Each structure stands twice: as C-alpha cells, then as structure tokens.
Amino acid sequence: DGDVFKYYAQGHWNKSSSGKFVPIINPTTRKTHFKVQACTQKEVNRVMESAKTAQKSWAKTPLWKRAELLHKAAAILKEHKAPIAECLVKEIAKPAKDAVTEVIRSGDLVSYCAEEGVRILGEGKFLVSDSFPGNERTKYCLTSKIPLGVVLAIPPFNYPVNLAVSKIAPALIAGNSIVLKPPTQGAVAALHMVHCFHLAGFPEGLISCVTGKGSEIGDFLTMHPGVNCISFTGGDTGIAISKKAGMVPLQMELGGKDACIVLEDADLDLAAANIVKGGFSYSGQRCTAVKVALVMESVANTLVKKINDKIAKLTVGPPEIDSDVTPVVTESSANFIEGLVMDAKEKGATFCQEYVREGNLIWPLLLDNVRPDMRIAWEEPFGPVLPVIRINSVEEGIHHCNASNFGLQGCVFTRDINKAMLISDAMETGTVQINSAPARGPDHFPFQGLKDSGIGSQGIANSINMMTKVKTTIINLP
Ligand code: G3P
C-alpha cells in the first residue's frame, strides 16, 4: 500500500529513526499512494546543525560557481520532468499537462534566479560622507549583500515543486543554506526535485528536506533557534507561524479572496474567459484564483450566461486524462467547500448548475446573486465554486474588495484605462491585473499580499534581496 520514500539530509537519503511514516493519499482514488518518513525532532536538530556548517563555506563559494550549480540543477530538473509530474498527478491531482508545466516553469525559475543573482549580488554601493551635513569627505562606505544563514522553506500543496524552488533558488544563490519542509501532499514530488539538486552536486548539508507530521516537527522547525529566515506559502498556519517565529525575516504568502470587478464597458467575452480560467483552473486551488466576481448589474445577465456556457464545456474527472476540473486535494477540503455551498443554498444564492460531488471531485459551480451575509462572499473555498455578487456602482465593488481581510490580487475588466488605473489605486491588494485574471507569474514579477495575505514581496529579485542583509565597511581617512 504505497512506496516508501526516505528524507534527505547530510547529502544522503535516510530512514527516520521513528520507524513511522506519513501516508500520502491520492486525491482521486482516496487510497494511500506513497509514504514518507515521519522525522523526529532529534533529526531536525541534526539537519539544522549540518545546514549551519554547510552554509559557512557555501557563503565563501564564488558567486559564479553557485550560479553554475543552479543552472545544472535547473537542467536536471527539466530532464526529470516526467517522473516529477507523475508524482504531482498522483499526490495532488494536478492535471497531467499542468504538472509538466510546473516542473518546466521551476527549471526556468532556477536558471533565471542564477542569472539575476550574479547581477544583484555582484554589485554594491559606494557612498561618501560629505553629502550629509557636518561631514568632510573622510569616510568611504562600501556596501555588499551577505546571506542570512539557514533559510527554512515551507511550500504549499498546490505547487510543491515551483513554490519550493522559488524559495530554494534565491536562498542558495545568495549564499544561504536550505531546510525544506514540503507539504504532505506533494512531498514525493518535492523529494524528487531535491534529488535533482543532489545530482547537480551541491555540497553536503547545504540542502535538506525533512518530512513528517506538522504536529511533531512543525512548530519545532519554525521556532528552531537555528533558523535565520522563514519563507512560507500556505494558509492560516502562516499567521500562527508569524506570531511564534523569533527575530528572523519572514516571507509569507497566505490566502486570497481575489476579486474580479467587471464594468459595463468591459469586453464580456474576455472577462468570461478569464473568470472561468481564473476561477476553475486546478479546480480553484490557487491563492490567486478568481474567488469572487463583482459584476455591474447591467451586464450581469449577459456575463453570467457567457460564463455558464464556458463552464458547460469544462471536463470533470481524473488528472491523468487532463480533465479541467480534478478532485480537490483532501476529503476535508471537499467537506469544507461543501459547507460553503450549503450555507449559500440556505441563504438563497442562485445555483447556475446542480451541486454534484463524488468523493473529492466537485463539479464546477457558479453561484449567482450571492449576498454579503453568505460565507462564500468572504471565505476562500479553494475549490471549483465561484460566487457572483451583482453591484450597482464601482464603489460598491471596491468596497467589497477592501472589506476583505485578504489583499493578494484583484482584477478589473474595462475598456477605459483611466478608470482601470483609478480602480487599481483604490483596491487594497498587492497586485491588480487590468483585463486579465490574477496570476503570480511570470515568476520575476513582484508578488505580494497586503493584510492577511502576506508579509514581504516575492518574485525572483525581491526574494534574493529578502534573503540577504546589507553589510557595510567604512574606510575612515585621516
Ligand atoms: O497558490 C499559489 C500562488 O502563488 C498561485 O500561483 O502561478 O497559480 O498564480 P499562480
């Protein structure tokens, strides 16, 4: 009942002394597909020790050599795209084609990071003292960027490979070491990705990947005194982590309730296509999914019809055959989604399709005439269910968007660029997309959430900078 995988530490593949495993349930079959080691706190301590030691010499490794190894890892990652994608299909029910895309995108991210890193880290500043009142030109200040130390990377289930390398690559190019705690669903894909870094020949201990139960090693990792930076993507756990973490820089990307505002003058075909893609791709399990459509009443009937026509064409089924909508990641996730749907039903939302669920598979559902008293108006289902709220003014739409505790991305559909800019300024989100659905990529764009959606900014350059500290040396002239 499932292949057993080892964890990666000190440059080797290891069995945990716990003798225990964490099962990975295939969301489609709902049977155990893989098992990973349930690592102990003692093993985490050892990993932290070796990460600390390895980092010291890695920081002294020439930048171009670090970049060279990252390029090598990127190439190996791409060569291994098929088996890694296969894991993503079985562990998180990602449609097969999207799974391959995730791995290729990850290889590109690693390469881009190596290139960007040599430039960002390859230059510093030179300041002179006499620009500040009261000073003569007697001090020369040189700045450079130094690594933070050990970076703890915690990616989520929806991109176990891409959102792992988006933390690993900037950390490594900047001279840090990495301790990776992959999500349970997606752990084997992550281990396979780590294997590619192993094959590239990174020094022992520089990269570790510990698997296990959150209850056993979760807090232990995030509160570990050996950790110098935490980069986390996921849900509410991030808020708990940020309250407990020590005095270390945090990079957090948490939930979102990305709103799509559709004005009267919008290209409704374009809006409908983006709402369906944004709302239902990977079954809505993206923090940047369109999670609420705020549509001007005058165009709502036409738009809802266009959306429903497109929903009718979505295929629903297993990920192996590239179905558009696949089973959601766990049974508890499906139950949570169902709870939101039932709440909307009781409170009188219009069901554009019948609610259908088989196991973890939920058919795409558009809920029209959603009102603010319904949970679905505010909570993120992380599933293929999308609410439409009809609005009578742009202000009403902006008000709904800004009343959310989340502030990741948002989008606006209009042909009037001036209006779009004003709306973008008014929306309290990290990013606003004009005439397209929210999305994190391309991966070198800054990516950040306001409010409960996160801390700091990601994107390749921002992550490299975030994982460094400025060091200054001042030459004092007589
Ligand atoms: O849910 C994770 C978030 O980073 C989404 O990424 O590429 O689907 O917009 P993407």
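**Cavities, a buried serine and a helix**

Reply: In this predicted model, the residues lining the second largest cavity are K257, D258, A259, V292, H400, C401, S404, F406, G407, L408, Q409 and T429.

Me: What is the volume of the second largest cavity?

Reply: The second largest cavity holds about 50 Å³ of space.

Me: Which elements supply at least two residues each to its lining?

Reply: Those are α12 (394-403) and β20 (406-407).

Me: And how do the lining residues of that cavity divide into nonpolar, polar and charged?

Reply: There are 5 nonpolar, 5 polar and 2 charged residues in the lining of the second largest cavity.

Me: How many cavities of 30 Å³ or more are there?

Reply: The count is 4. The largest cavity has a volume of about 110 Å³.

Me: Which residues lie nearest the centre of the largest one?

Reply: Its lining has 14 residues, and S166, D443, Q458, G459 and I460 are nearest the centre. Two or more lining residues come from each of α4 (96-120), α5 (162-173) and α14 (460-466). The largest share, 3 residues, belongs to α5. By type, the lining of the largest cavity consists of 8 nonpolar, 4 polar and 2 charged residues.

Me: Changing topic: where is S453 found?

Reply: S453 sits in the loop between β24 (450-451) and β25 (454-455).

Me: Is S453 buried or exposed?

Reply: S453 is buried, because its relative accessible area is 0%, and buried means under 20%.

Me: What does the side chain of S453 reach?

Reply: It reaches the backbone nitrogen of G407, at 2.9 Å. G407 also belongs to the lining of the second largest cavity. Beyond its neighbours within four places in sequence, S453 is in contact with M252, E253, L254, G255, G256, F406, G407 and L408.

Me: Now the helix. Which residues of α13 are buried?

Reply: In α13 (residues 417-426), the buried residues are A420, I423 and S424. Viewed down the helix axis, the buried residues of α13 fall within an arc of 105°, so they line one face.

Me: Why would residues three or four places apart point the same way?

Reply: An α-helix has 3.6 residues a turn, so residues at that spacing point the same way.

Me: What covers the buried residues of α13?

Reply: The cover includes β13 (259-262), α12, β21 (409-413) and β22 (431-434). On the other side of α13, N418, L422 and D425 are exposed.

Me: Which residue caps the N-terminal end of α13?

Reply: D416 does, with a side-chain oxygen 3.0 Å from the backbone nitrogen of N418.

Methods: Residues are numbered from 1 along each chain as its sequence is written. This is a predicted model: local features need pLDDT of at least 70, side-chain atom pairs count only at pLDDT 80 or more; totals for chains, interfaces and linings use all residues. Side-chain values use heavy atoms; hydrogens and water are left out. On a 1 Å grid over the protein atoms alone, a cavity is a set of points where a 1.4 Å probe fits but cannot get out, and a pocket is an open set with protein on both sides within 12 Å along at least five of seven lines; lining residues have an atom within 4 Å of a point. Grid points are joined across faces, edges and corners, and a volume is the space filled by probe spheres set on the points. Helices (H or I, at least four residues) and strands (E, at least two) are DSSP runs, numbered from the N terminus. Ala, Val, Leu, Ile, Met, Phe, Trp, Tyr, Cys and Pro count as nonpolar, Asp, Glu, Lys and Arg as charged, and the others, Gly among them, as polar. Buried means under 20% relative accessible area, exposed over 50%, partly exposed in between (1.4 Å probe, protein chains only). A polar contact is a pair of N or O atoms within 3.5 Å; within protein, one must be able to donate a hydrogen and the other to accept it, and residues adjacent in sequence count only if both atoms are side-chain atoms. Contact means heavy atoms within 4.5 Å. The arc is that of the directions from the helix axis to the C-beta atoms.
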